[in-house]
Amino acid sequence: MGIPLLAFFVGLFIAFTCDGTADNGDSVQHYLISKYAWQHPVLLLDHWGKPLFTLLSSPFSQFGMEGMKLFNLLVFTATLFLTGKIAERLQLSPWVAQLALWACPYIFPQVFGGLTEHLFAFWLMATVLAYQKERFILAAFLISWMPFIRSEGLMMMGVLGGFLFLEKQWKSLPFLLGGTLIYSIAGAFHHADLFWVWTKTPYLIGADNYGSGKPFHFFEQLFYITGIAVMVAGC
């Protein structure tokens, strides 16, 4: 617990002594959706805001942006802990893995705001650990909620589904639909549409608003996201 605890206390000092956020766009919007979800419960089903992120962060955001920062800091600390556990099962150094994650240029600064990436990372690490332990049903059920944290969760579901298929874990495959099924039913009462998870997706309704880019854009920017040490080690 050494590296995670150190990161937590360093982050705690920064969160409560420094003003502002690492991002003043989406970060603030997610915070506002989370904060006012208790007064306007429909925000708990807001697709852009990411329903599961809003639900889990909302108790913290009631205390202002500092509360949101604390939420993301706790999530980041837990992610570091899970990273160490995963490294141990791979017979790698847990503290090296934890330091590598902490050192990524975009990782730690994004703790201090309302972005969804840290909860996504935590959820993914929890899923990977469950898979490592051969708890396939749990892994499938966990990852089924990831699209409600970030839309990239759909891709993660596809990847895990492929692994489960290759492992012939037929009983686990239906659990990939768990989160979508539950949210579809929950939101159907408000949207009057059982399929609102797909029909209300902002990226489909207003796809032109998000622009476009080169296919290898993120690969070209990988150096700036992970830093040279992690990029070289990953390659």
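1. First, the ground rules. This is a predicted model, where local features need pLDDT of at least 70 and side-chain atom pairs count only at pLDDT 80 or more, while totals for chains, interfaces and linings use all residues. Residues are numbered from 1 along each chain as its sequence is written, and side-chain values use heavy atoms, leaving out hydrogens and water.

2. To the opening question: a polar atom of the Ser34 side chain lies 3.2 Å from the backbone nitrogen of Ser58. A polar contact here is a pair of N or O atoms within 3.5 Å; within protein, one must be able to donate a hydrogen and the other to accept it, and residues adjacent in sequence count only if both atoms are side-chain atoms.

3. Ser34 sits in helix H2 and is buried, at a relative accessible area of 0%. (Buried means under 20% relative accessible area, exposed over 50%, and partly exposed in between, with a 1.4 Å probe and protein chains only.) Leaving aside residues up to four places away in sequence, Ser34 touches Thr54, Ser57, Ser58, Ser61, Gln62 and Met68; contact means heavy atoms within 4.5 Å.

4. Now the helix pair. H2 (residues 26–35) packs on H3 (residues 51–61) at an angle of about 80°, with axes 8 Å apart. That makes H2 roughly perpendicular to H3, since angles under 35 degrees count as roughly parallel, over 145 as roughly antiparallel, 65 to 115 as roughly perpendicular and the rest as oblique. Axes are lines fitted to C-alpha atoms, for helices over the stretch in contact, and angles run from 0 to 180 degrees between N-to-C directions. Helices are DSSP runs (H or I, at least four residues), numbered from the N terminus.

5. On the H2 side, His30, Tyr31, Ile33, Ser34 and Lys35 meet Phe53, Thr54, Ser57, Ser58 and Ser61 of H3.

6. The buried residues of H3 are Pro51, Leu52, Phe53, Thr54, Ser57, Ser58 and Ser61. They pack against H2, H4 (65–89), H6 (117–132), H9 (178–191) and H10 (196–199).

7. Phe60, also in H3, is partly exposed at 26% relative accessibility. Phe60 touches Gly67, Met68, Leu70, Phe71 and Leu74, not counting residues up to four places away in sequence.

8. Last, the cysteines. Cys18 is partly exposed at 39% relative accessibility, whereas Cys104 is buried at 8%.

How values were computed:
Helix = DSSP H or I, 4+ residues; strand = E, 2+ residues; numbered from the N terminus.
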